[in-house]
Amino acid sequence: MNKGQVFEFFRRLAEDNPAPITELEFSNPYTLLVAVALSAQATDVSVNIATRPLFARITKPAQMVALGEEALRQAIKSIGLFNTKARNVIALSQALIRDHGGEVPRHRAALEALPGVGRKTANVVLNTAWGEETFAVDTHVFRVCNRTGLAPGKDPLAVELKLERTVPQPFRRDAHHWLILHGRYTCKARTPECWRCVVVDLCRFKPKTPAPKTTSGRIGSPGPSAARTATGRIVRTRSEDRNRSRPNRLP
Ligand code: SF4
């Protein structure tokens, strides 16, 4: 895509969802860090189910260390890889106490030095907790960027560096949330829902998925959560956006 197309791509995603935010539930940088660490190869929904009762009691590293690995394992056993994740969360909590006074550091290198914290997790924390213009590339972002031609790359780091070079202001801070949500709800892995996609004319993916037919043989409508703009473009309604935009951004 050229510069103008990239700008238009994000302008439409922004118009569709002006205040995107992570769907993970958290209350401070520490609970955000833990939630993101737990979300590897797990859905945000499954992480939230496990962390909701946990974070009602535990919001600081010292509390997590006091809880202990076995109790944490029990609390998160519904999440994949829970044994390794429990071990890492206890270890990273100990490291935060030992090396950072119990606070989550605001620097990539310090974050990535924590047990179980990789580049993607560091990018999410830097962006969501501290408002840094970082581009976390998960499976959804990787797929959308390659399918559309927005930021093609052979691995997540290549895509991240391409996004870093090409995403314009004022979209840089929220770009990764828009891309995740677009991949999760519209540009889905198995069947992208191109017929109701707001960037369909900018996207290079072919062939585009046509609208499903109804039992009457008519072309299906975009669905109850979508509407057409005055120019005929299909967009989701704000009620759907609100469901994805809980006010959990940190002050
Ligand atoms: S047109 Fe289809 S493939 Fe392209 S971004 Fe939209 S949903 Fe994804």
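Here is a short chat about the predicted model shown above.

Visitor: How are the residues numbered, and what pLDDT do local features need?
Guide: Residues count from 1 along each chain as its sequence is written. This is a predicted model, in which totals for chains, interfaces and linings use all residues, side-chain atom pairs count only at pLDDT 80 or more, and local features need pLDDT of at least 70.

Visitor: In what order do the elements of the chain run?
Guide: Helices (H or I, at least four residues) and strands (E, at least two) are DSSP runs, numbered from the N terminus. The chain has 12 helices and two strands. From the N terminus on, the order is α-α-α-α-α-α-α-α-α-α-α-β-β-α.

Visitor: What share of the residues in the chain is buried?
Guide: A residue is buried if 20 or more other C-beta atoms lie within 10 Å of its own, exposed if 12 or fewer, and partly exposed in between, with C-beta atoms placed from the backbone. The chain has 251 residues, and the buried share is 36%.

Visitor: What covers the buried residues of helix 2?
Guide: Nine of the 10 residues in helix 2 are buried, among them Tyr30, Leu33 and Val36. The cover includes helix 3, helix 4 (61-67), helix 6 and helix 8.

Visitor: At what angle do helix 2 and helix 3 pack?
Guide: Axes are lines fitted to C-alpha atoms, for helices over the stretch in contact, and angles run from 0 to 180 degrees between N-to-C directions. For helix 2 (residues 29-38) and helix 3 (residues 44-57), the axes are 10 Å apart and the angle is about 145°.

Visitor: Which residues of helix 2 and helix 3 make the contact?
Guide: Two residues are in contact if their C-beta atoms, placed from the backbone, lie within 7 Å. Helix 3 brings Val47, Thr51 and Phe55, while helix 2 brings Thr31, Ala35 and Leu38.

Visitor: Why does isoleucine 58 count as buried?
Guide: Isoleucine 58 sits in the loop between helix 3 and helix 4. Leaving aside neighbours within four places in sequence, it is in contact with Gln63, Met64 and Leu67. Isoleucine 58 counts as buried because its C-beta neighbours inside 10 Å number 23.

Visitor: What does valine 199 touch, not counting residues up to four places away in sequence?
Guide: Valine 199 lies in the loop between helix 11 and strand 1 (226-228). Its C-alpha atom is 9.7 Å from that of arginine 11, 188 residues away along the chain. The residues that valine 199 touches are Phe9, Arg12 and Thr148.

Visitor: Which residues around the ligand come nearest?
Guide: A residue counts as near a molecule or strand if its C-beta atom, placed from the backbone, lies within 6 Å of it. Of the 13 residues around the ligand, the nearest are Cys187, Cys194, Cys197, Cys203 and Phe205.
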